[in-house]
Amino acid sequence: MGQSLAEPYSGYNTYGYPGLIDTPSALSRPDAELAFTSSYFKNQSRNTITFQITPRLSGSFRYSNIENFQREGSELFDRSFSLQYRLIDENPDTWQPAVAVGLNDFLGTGIYSSEYVVATKTLGSGVRVTGGLGWGRLAGVGGFDNPLGVFSDAMKTRPTRDFGKGGTVEADQFFRGNAAFFGGIEWQATEKLAITAEYSSDAYPFEDGSAFERKSPYNFGVSYQYRPGITLGAHYLYGSEFGVQATFATNPKSPSGGPGIDRAPMPVLPRRNAASLGWSVDSIGETRVQNRIQAALAQSGLKLHGFSASGRSIRIEVENATYPNMAQVVGRTARALTHSVPTGVDTFTIVPVVAGLSGAAVTLNRSDLEELEYTYDNSWSSFARASIEPDTGPLSPISGRYPQFEWQLRPYLTPSLFDPDDPIRVDVGLELAAKYQPAPGFELRGAVRKKLAGNLDESTRASTSVLEKVRSDFNIYDREGDPAITELVGAYYFKPGEDLYGRVTAGYLEPMFGGISTELLWKPIDSPFALGAELNYVKQRDFDQLFGFRDYEVATGHVSGYWDMGNGFHSQLDVGRYLAGDWGTTFTLDREFKNGWKVGAFATFTDVSFDDFGEGSFDKGLRFEIPISTVTGQPNTDKLTYTMRPVQRDGGARLNVSDRLYETVRELHKPELQNGWGRFWK
């Protein structure tokens, strides 16, 4: 749907954050919108990912290329971050504008470093005006003494920044030095077409005369909403150049809470229509009832792990390899039981099991299922009547469940971004993965990859790290590991006590390291908090990623705190020793959505000095997780995951062991079940 003429479209500027053409505005995008913007004009390209973190706060990561940077033949590949926060909302009934404050390139090299305060007001007839005050690059034209200098003499000058060194927060530069005005006007000509004119105070000090010729501070542009989520733009910039831009946006809050074309669930079978099921488990026989349950669960894409009956109650352990939402698994299991369990059974206890571990035991009354299936607000009512308690009993696997062997041949895609010699590289190939489970909690698993096509092996940039090269030799692993054993381990998962979970994993733990990894997690069933400890002793693997090892070995591990903050926000704090022997801490903040999407950021600081760490100064990045089910519409537990680092260095590097306990068991606990209960009846 297009915007009404009374509300001009608020889009992204050439830097990829909310703005006009090349300058910012004070408006925010819809909460949780995730957008990719690509813009180009002469010798300049910018590619930006922006996430509306909260309704008021947005964050951007930008990768730019400037040809002929400062001199002919020089080329710059630059990574930078931006933040914008809306301080004041626009009031449509008064002259009160929206007001926002922003920081640009506060963690990069400083090429685009600027700060601003900006106001935007919508007038009538599809017209919007913006005006702001900028510092840094946004004070390059028409600059005057900093008005904040009345508060401190330190605000009057802007310290010189070393543009060759990025990754540190230069807080002593914020809102310092000269200031200048910028602004513009937007007109929504039709529902899809907007026309914009602006005055830019950016003098392009590093590009003017080398990358392009800046003749004027005025820019003009048009943008067209081709379809929801896709906006195209064209600009005439600085009196000399034409530019183009495209934005692709999606919103994890908008897709449905799960797959869109699930197989219809079984309806609840009322006991008055189920005389053929018999009266009791004893009268029918446990084996016959078990076979019925297995068949009913199989129709729903689920697997029976364990079964026991006592009087008018039954306990079911269920494994899921189909649905991304565990509450949906519980709901489908409950309805399957109404088709397979004798009518004398009044109570169902359903225990989801993952890797031989159980978390919550969900107890439901059969009569509640019969009563609530078609009632208004049945999701909330069914949750209110359910009992969710810790599963304290031992697992009772059915005969024939163990041992079990599974294998899968699947394609893989491995991208590599931000190499200055070739910013985008990628390999594609086939991965053969197998898993053998001899008993509950025990797993032997492995994966081998064979590249079919790609150019990761073409990277020849040598590591200049002064630390142990635990990650920065990644291109050698890419070049020599074909085929490669990416994982070959034995693992044991267990519960040493109430609210406690344990893991021991040994073998080739990841492509670069092998050894032994141990973990203990304390996670109460209904608590938003968890505490874990991990200890590893590992040795660096040979570059060919087969069976050999290099000389380097290290003891590494962390104590980790986890907090479900509510409203989809999850934080994690890890403190300990990293692979290069450095000590420090990693803070991670994720925003998760009910459909399984996850967008997050992390930063790691260790006792390695910024100079010794090298380019980037400390480890930081973004991470994304997208359930396959929201892309295909089909129920699936697989996810697309990607961690985006501006630069891969050796400081702050952590072991990438699979199936860490918190993410394994979190979906089995009450807060996660409650968050997903909207799919109980789906």
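Trainee: Let's start with D619. Is D619 buried or exposed?
Mentor: This is a predicted model, so keep that in mind. D619 has a relative accessible area of 5%. The cut-off for buried is under 20%, so D619 counts as buried.

Trainee: Which residue does D619 form a salt bridge with?
Mentor: R645. The closest N and O atoms are 3.0 Å apart. The pair links distant parts of the chain, 26 residues apart. D619 sits in strand β30, residues 619–627. R645 is in the loop between β31 and α9.

Trainee: How many salt bridges does the structure hold?
Mentor: 39. One of them joins R29 and E33, at 2.8 Å from N to O. Both of those residues are buried. Another joins R445 and E443, at 3.0 Å. R445 is buried, and E443 is too.

Trainee: Which residues are linked in a network?
Mentor: E592, K598, E663, R666 and E672. Salt bridges link them.

Trainee: Now D650. Where does D650 lie?
Mentor: In the loop between β31 (639–644) and α9 (661–665).

Trainee: What is the nearest side chain of opposite charge to D650?
Mentor: R649, and it is 5.9 Å away. D650 has no salt bridge, yet it is buried.

Trainee: Then what does the D650 side chain make polar contacts with?
Mentor: The side chain of S465, at 2.7 Å. The side chain of S472 as well, also at 2.7 Å.

Trainee: Switching topic: cavities. How many of 30 Å³ or more?
Mentor: The structure holds 6.

Trainee: What is the volume of the second largest cavity?
Mentor: About 70 Å³.

Trainee: Which residues line the second largest cavity?
Mentor: Y15, Y17, D22, N104, Y112, S114, R137, L138 and D202. By type, that lining divides into 4 nonpolar, 2 polar and 3 charged.

Trainee: Last one, H235. Where is H235 found?
Mentor: In strand β11, residues 230–237. H235 counts as buried because its relative accessibility is 8%.

Trainee: How far apart are the C-alpha atoms of H235 and T196?
Mentor: They are separated by 9.1 Å. Along the chain, H235 and T196 are 39 residues apart.

Key. Residues are numbered from 1 along each chain as its sequence is written. This is a predicted model: local features need pLDDT of at least 70, side-chain atom pairs count only at pLDDT 80 or more; totals for chains, interfaces and linings use all residues. Side-chain values use heavy atoms; hydrogens and water are left out. On a 1 Å grid over the protein atoms alone, a cavity is a set of points where a 1.4 Å probe fits but cannot get out, and a pocket is an open set with protein on both sides within 12 Å along at least five of seven lines; lining residues have an atom within 4 Å of a point. Grid points are joined across faces, edges and corners, and a volume is the space filled by probe spheres set on the points. Ala, Val, Leu, Ile, Met, Phe, Trp, Tyr, Cys and Pro count as nonpolar, Asp, Glu, Lys and Arg as charged, and the others, Gly among them, as polar. Helices (H or I, at least four residues) and strands (E, at least two) are DSSP runs, numbered from the N terminus. Buried means under 20% relative accessible area, exposed over 50%, partly exposed in between (1.4 Å probe, protein chains only). Lys and Arg count as positive and Asp and Glu as negative; His and the chain ends are not counted. A salt bridge is a side-chain nitrogen of Lys or Arg within 4 Å of a carboxyl oxygen of Asp or Glu. A polar contact is a pair of N or O atoms within 3.5 Å; within protein, one must be able to donate a hydrogen and the other to accept it, and residues adjacent in sequence count only if both atoms are side-chain atoms.
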